[in-house]
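Biologist: Could you walk me through this model, starting with the terms I will need?

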Amino acid sequence: MLATLALGAGAAQAAAPLPPLQHSAGVEYLSGGIGQDEARAIEGAARHWPLTLEFAVKDKSRADFAADVKVLVRDARGHTALDATAGGPLFLARLAPGRYSVEASFAGKTLHEKVVVKAGHPAKAVFLWPAETGESQVGQKHS
């Protein structure tokens, strides 16, 4: 699905392409969102994907995006369903309906979330690391 999303309302604007599709253990995923146009394209496509993950580092007044996040998703039996590295703060995965445990590791710190993927109802998890985590690896988050 190399779809594009037209940005803006009203006047026609250039479309931002989605990042390339990738695969892990038979699961299709994409990640990115460092640039504002790409972030908007991914956010627009997210409603068509079963799972959306977002990665950020909390700063005093805002959140900075986190990239190069190691993502490990396990199914309810503990089997690895997806093992990948996110190339940006947004990560979409086509997981089958079910219960999953998600580990996201960034700058030596791992966060955990449980998600339930239901057919027709996209799930979302936000991973927010404490301030000063991996300071040299973060950038200003898209607005």
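Modeller: A charge sits over a ring if NZ of Lys or CZ of Arg is within 6 Å of the ring centre and within 35 degrees of the ring normal. This is a predicted model, in which local features need pLDDT of at least 70 and side-chain atom pairs count only at pLDDT 80 or more, while totals for chains, interfaces and linings use all residues. Residues are numbered from 1 along each chain as its sequence is written, and side-chain values use heavy atoms, with hydrogens and water left out.

Biologist: Which arginine lies over the face of tryptophan 49?

Modeller: That is arginine 94, which lies 3.9 Å from the ring centre.

Biologist: And how many aromatic pairs are there?

Modeller: There are five aromatic pairs, where rings of Phe, Tyr and Trp (its six-membered ring) pair if their centres lie within 6.5 Å, and planes under 30 degrees apart count as stacked, over 60 as edge-to-face and the rest as tilted. Phenylalanine 55 and phenylalanine 127 have ring centres 5.7 Å apart and planes at 35°, so this pair is tilted.

Biologist: Why does that pair tie together parts that are 72 residues apart in sequence?

Modeller: Because phenylalanine 55 lies in strand β5 (residues 51–58) and phenylalanine 127 in strand β12 (residues 123–129); strands here are DSSP runs (E, at least two residues), numbered from the N terminus. Phenylalanine 55 also forms a tilted pair with tryptophan 129, at 6.3 Å centre to centre and 40° between the planes.

Biologist: Is phenylalanine 55 buried or exposed?

Modeller: Phenylalanine 55 is buried, with a relative accessible area of 0%, and tryptophan 129 is buried at 0% as well; buried means under 20% relative accessible area, exposed over 50%, and partly exposed in between (1.4 Å probe, protein chains only). Phe55, Phe106, Phe127 and Trp129 form one aromatic cluster.

Biologist: New topic: which residues touch the most other members of the largest nonpolar core?

Modeller: Phe55, Val71 and Phe91 do, in a core of 27 residues, a core being a set of buried Ala, Val, Leu, Ile, Met, Phe, Trp, Tyr and Cys residues joined through side-chain atoms within 4.5 Å. A second, separate core has 11 residues, including Leu18 and Ala39.

Biologist: What about the open sheet, in what order do its strands run?

Modeller: The order is β8-β7-β10-β11, with antiparallel pairing, and two strands pair if DSSP finds at least two bridges between them. Strands β8 (80–86) and β11 (109–117) stand at the edges with a single partner strand each, so one side of each is left without a neighbour in the sheet.

Methods: Helix = DSSP H or I, 4+ residues; strand = E, 2+ residues; numbered from the N terminus.
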